[in-house]
Every structure is written in C-alpha cells, then in structure tokens.
Amino acid sequence: MSKIIHYRNKCIGCGVCYELQPECWRMSKRDGKATLLKAVGKKDVFILNISSGQIAKSQEVAKACPVRIIKIQ
C-alpha cells in the first residue's frame, strides 16, 4: 500500500495540494497550512495510506508542491 507523507512544519500554505486533491487536503484556518485529512501524525510528519487509484493524483500533488514537503512512498 502506498502512503502520502506530509512534513507539515515546512508548509508555506500555498494551497496547491488542496486545489488538486481536495478529498485529501484542507487548509487550516488557524495557521494557514495544509492539513492531510485522516492522517496519523508524529510531531509534524503526517502519514496517510492511499489506494492504488489515488497514487497518480497524489504524485501530481507532490510534484506541484513548491517546497517539496509531500512525498509518495
């Protein structure tokens, strides 16, 4: 199973992840950073297991992130 890994503490809040994949992302009203929905977090690293049908879109999101803090594994 593939995973999205999000290093939230380095997020600049550009919103490209939410624009491309709103089913997985939200922008926090509290601090303006992206939040990976239903992810399990340790400190500021959040991990979400994704289905094979979500891999292509998730890779597109990872490539679009200007600070490269979204990884697909």
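Okay, so let's start with strands β1 and β5: six bridges join β1 to β5, residues 45-50, and the two run antiparallel. A word on terms: two strands pair if DSSP finds at least two bridges between them. The strands (E, at least two residues) and helices (H or I, at least four residues) are DSSP runs, numbered from the N terminus. If you want one spot to look at, find Ile 5, which stands opposite Ile 47 in β5.

Before I go on, this is a predicted model, so local features need pLDDT of at least 70 and side-chain atom pairs count only at pLDDT 80 or more, while totals for chains, interfaces and linings use all residues. Residues are numbered from 1 along each chain as its sequence is written, and side-chain values use heavy atoms, with hydrogens and water left out.

Back to β5. Strand β4, residues 40-42, is joined to β5 by three bridges, and these two run antiparallel. Here Gly 41 has Phe 46 in β5 as its bridge partner. The hairpin of β4 and β5 has two residues between the strands, and Lys 43 takes a positive phi near 55° there.

Next, charges. Side chains of opposite charge can pair when their charged atoms come close. For a salt bridge, we want a side-chain nitrogen of Lys or Arg within 4 Å of a carboxyl oxygen of Asp or Glu. How many salt bridges does a search of the whole structure find? It finds three.

Take Asp 31. Its salt bridge with Arg 8 has the closest N and O atoms 2.9 Å apart. That pair links distant parts of the chain, 23 residues apart: Asp 31 sits in the loop between β2 (25-27) and β3 (34-36), and Arg 8 in the loop between β1 (2-7) and α1 (16-20). Asp 31 also forms a salt bridge with Arg 30, at 4.0 Å between the closest N and O atoms. Put together, Arg 8, Arg 30 and Asp 31 are linked in a network of salt bridges.

Are those residues buried or exposed? Our cut-offs for relative accessible area are under 20% for buried, over 50% for exposed, and partly exposed in between (1.4 Å probe, protein chains only). Arg 8 is at 11%, so it counts as buried. Asp 31, at 36%, is partly exposed, and Arg 30, at 72%, is exposed.

Now over to helix α2. Glu 60 and Lys 57 meet there in a salt bridge, 3.5 Å from N to O. Both lie in α2, residues 55-64, three residues apart, about one turn of the helix.

At 0% relative accessibility, Ser 58 counts as buried. Leaving aside neighbours within four places in sequence, Ser 58 is in contact (heavy atoms within 4.5 Å) with Ile 4, Gln 21, Ile 50 and Ile 72. The side chain of Ser 58 also reaches the backbone oxygen of Gln 54 at 2.8 Å.

Last topic: cysteines. A disulfide is a covalent bond between the sulfur atoms of two cysteines, and our cut-off is a pair of those sulfurs within 2.5 Å. The search of the whole structure finds zero disulfides. Cys 65 is in no disulfide either, with the nearest cysteine sulfur, in Cys 14, 5.9 Å away. Cys 65 is buried, at 5% relative accessible area.

Terms used
A polar contact is a pair of N or O atoms within 3.5 Å; within protein, one must be able to donate a hydrogen and the other to accept it, and residues adjacent in sequence count only if both atoms are side-chain atoms.
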